[in-house]
Every structure is written in C-alpha cells, then in structure tokens.
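Here are some notes to go with the structure, written for reading side by side with it.

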Amino acid sequence: KSDWAAAMADSGDVEQLQRHAEKLKAWLLAEEGFGSYLDTFFRENGRYFDDYQDEHALHYTTLHKDFCAKFESEVQGWLADEGLNEEHLE
C-alpha cells in the first residue's frame with residue numbers, strides 16, 4: 001500500500017474504534033447494561049468502601065476478584081452481542 005492508502009485505512013480503523021468505544025462506554029453506564037450491576041455492587045458493598053482502613057482487608061481482595069470476573073464476563077458478552085471481539089477495541 002502507498003503511505004496515503006495506509007493512512008486512510010488507519011483513519012477508518014480509528015473511526016471504527018471510536019464508534020465501538022463510545023458504544024461500550026454507553027453500555028457500561030446504562031441501566032440496561034453493566035450500570036445495573038454497578039448500582040447493585042455498590043449498594044451491597046458500599047459499607048466496605050465507606051469504612052476506610054489503612055490496611056486492606058482480605059475482603060477487598062475478594063471483592064476485587066469477583067468484580068473483575070463479572071466485568072470480564074459482561075464485556076465479553078457485550079462484545080459477542082455486538083459481533084465483535086477484543087481485537088476490535090485495540
């Protein structure tokens with residue numbers, strides 16, 4: 001490819017990535033998307049965040065692992081629903 005053709009292809013890739021990223025961001029915050037889980041998570045676990053301690057309790061590690069697993073699972077589900085994979089967000 002010429003430099004111009006490569007730049008145009010890259011430009012299209014950037015635009016496509018921006019569209020996917022905006023849709024993902026909207027889904028993450030939407031009540032119909034991951035937002036409902038965020039709301040539930042913080043309602044159920046807010047006491048752990050409100051009660052600041054200098055040392056991290058083991059429960060924080062468990063919360064983090066559980067949250068990360070749920071987040072990964074939900075994002076993978078969203079990608080599949082959109083007909084995408086992780087490479088579309090790179």
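1. Let's begin with a pair of helices in this predicted model. Helix α2 (residues 35-50) and helix α3 (residues 58-81) have axes that come within 12 Å and cross at roughly 175°. Since angles over 145 degrees count as roughly antiparallel, that crossing makes α2 roughly antiparallel to α3.

2. Which residues make this contact? On the α2 side you will find Y37, L38, F41, N45, Y48 and F49, and they meet H59, Y60, L63, D66, F67 and K70 in α3. By class, the residues of this contact divide into eight nonpolar, two polar and two charged.

3. N45 deserves a look of its own. This residue sits in helix α2 and touches H59 and L63, leaving aside residues up to four places away in sequence. Is N45 buried or exposed? Its relative accessible area is 11%, and because buried means under 20%, N45 is buried.

4. Now to the rings. The model has a count of 10 aromatic pairs. One of them joins W27 and W78, with ring centres 6.2 Å apart and planes at 35°, so the pair is tilted. W27 belongs to helix α1 (residues 3-29) and W78 to helix α3, so their pairing ties together parts that are 51 residues apart in sequence. Both tryptophans, W27 and W78, are buried.

5. For another ring geometry, turn to F41 and F42. Their aromatic pair is edge-to-face, at 5.3 Å centre to centre with 85° between the planes. The two partners are worth checking for burial: F41 is buried, with a relative accessible area of 8%, whereas F42 is partly exposed at 45%.

6. Ring pairs link W27, F34, Y37, F41, F42, F67, F71 and W78 into a cluster. Finally, please look at K70 and Y37. K70 lies over the face of Y37, at 5.4 Å from the ring centre.

Key: Residues numbered from 1 in each chain as written. Predicted model: local features only at pLDDT ≥ 70, side-chain atom pairs only at ≥ 80, totals over all residues. Heavy atoms only, no water. Axes fitted to C-alpha atoms, helices over the stretch in contact; angles between N-to-C directions. Helix = DSSP H or I, 4+ residues; strand = E, 2+ residues; numbered from the N terminus. Parallel < 35°, antiparallel > 145°, perpendicular 65-115°, else oblique. Contact = heavy atoms within 4.5 Å. Nonpolar A, V, L, I, M, F, W, Y, C, P; charged D, E, K, R; others polar. Buried < 20%, exposed > 50% of the residue type's maximum accessible area, 1.4 Å probe, protein only. Phe/Tyr/Trp six-rings, centres within 6.5 Å; stacked < 30°, edge-to-face > 60°. Lys NZ or Arg CZ within 6 Å of the ring centre and 35° of its normal.
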